[in-house]
Amino acid sequence: MRPMSNAAMNAPGSAEANSSLGNAGLRIPGQPDMWAFVMFEALIFSSYFIVYMIRRAMAGDHFLPAQEHLSQGFGVANTLILLLSSWFMAGSVRSAREGKYDIALRQVLLTAACGLLFVGLKLLEWSDKIGEGLTLSTNEFFSFYYFLTAIHVLHVLFGFVVLAVAARELRSPPRRSQEIVETCATYWHMIDFLWVIIFALLYVMR
Amino acid sequence: MQTAGDKRLSIVWIVLSGVTLVSWWIGFDHHTGPLRLNAPITFGVLSLAALKSRIIIQEFMEARRAPRLLRRITDAWLLLLLLSLLGIYSIGMGFHL
């Protein structure tokens with residue numbers, strides 16, 4: 001007989017889960033510490049976004065000629081890929097909750113594959129721009145472009161470690177913890193919503 | 001078999017991808033010539049980005065099933081960020097018009 005997993009024990013709606021809620025069935029997905037970290041990261045990125053907007057507003061329309069050199073195709077493709085990865089990851093949380101661990105593991109691997117594709121496209125885009133002579137020091141817009149995209153890619157790279165933790169949890173029956181899978185998903189989705197804002201600020205706004 | 005929850009996630013993903021394409025279309029250079037400052041496009045795409053972020057937080061991150069405090073904090077952050085960005089942009093436009 002399969003041992004009862006933590007996932008089953010902690011599943012929303014279970015007696016244990018409900019007893020610890022005290023909020024009409026509402027609960028924080030994953031560990032609250034991860035949510036605190038996500039909000040901390042959101043504030044750090046917000047400060048970058050606001051500094052970028054201040055510099056952009058002060059420069060009038062001087063950022064726009066530089067922005068014309070960005071390929072919106074890369075930006076849109078990256079956004080769609082990250083949204084797809086988030087869909088897989090959200091599906092993984094659901095699958096694990098329902099005890100479908102093989103499917104959940106596969107969805108985590110698909111999330112990682114999307115992440116790899118995102119990083120690969122980003123490297124291709126950077127090499128394309130550097131090939132055109134557009135580097136970190138070309139102008140202020142490209143300084144922000146490389147800074148914001150690079151710091152975001154660093155978060156994606158750390159996301160692979162987080163996904164590895166989720167995969168490890170899902171592979172081993174005695175280790176399975178729904179809370180940890182949800183915690184990993186919370187981190188991954190943060191990468192997604194931060195990129196959505198970066199995409200609007202760098203590629204699309206005028 | 002696809003559950004109601006799976007279907008909801010799929011709909012959320014389709015909506016987010018659709019909004020991304022709409023945002024791209026809005027910001028796309030529909031005519032030749034240099035890009036120009038454009039407040040309606042900027043307000044539109046930044047508002048759509050905030051909306052997409054909210055959907056990701058509420059649906060994919062399951063904040064809609066979290067205690068109200070968490071939802072209020074995330075909503076307040078997004079609203080404050082959006083208003084700050086649009087406010088700074090508007091002030092900049094005022095100086096350069």
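At 16% relative accessibility, B:E59 is buried (under 20% relative accessible area, with exposed meaning over 50% and partly exposed in between; 1.4 Å probe, protein chains only). The model is predicted, so local features need pLDDT of at least 70 and side-chain atom pairs count only at pLDDT 80 or more, while totals for chains, interfaces and linings use all residues. Residues are numbered from 1 along each chain as its sequence is written, chains are lettered from A and ligands numbered from 1 in the order in which they are written, and side-chain values use heavy atoms, with hydrogens and water left out.

B:E59 pairs with B:R8 in a salt bridge (a side-chain nitrogen of Lys or Arg within 4 Å of a carboxyl oxygen of Asp or Glu), with 2.8 Å between the closest N and O atoms. This pair links distant parts of chain B: B:E59 lies in helix α2 (residues 39-60) and B:R8 in helix α1 (residues 4-27), 51 residues apart. Helices here are DSSP runs of H or I with at least four residues, strands runs of E with at least two, numbered from the N terminus. B:R8 is partly exposed at 37%.

Helix α2 of chain B also carries B:R54, whose partner B:D75 sits 21 residues away in helix α3 (residues 68-96). B:D75 is partly exposed at 24%, and B:R54 is partly exposed at 38%.

In chain A, A:D128 and A:K129 form a salt bridge at 3.7 Å, N to O. A:D128 is partly exposed at 32%, whereas A:K129 is buried at 2%.

Over all chains, the structure holds 14 salt bridges.
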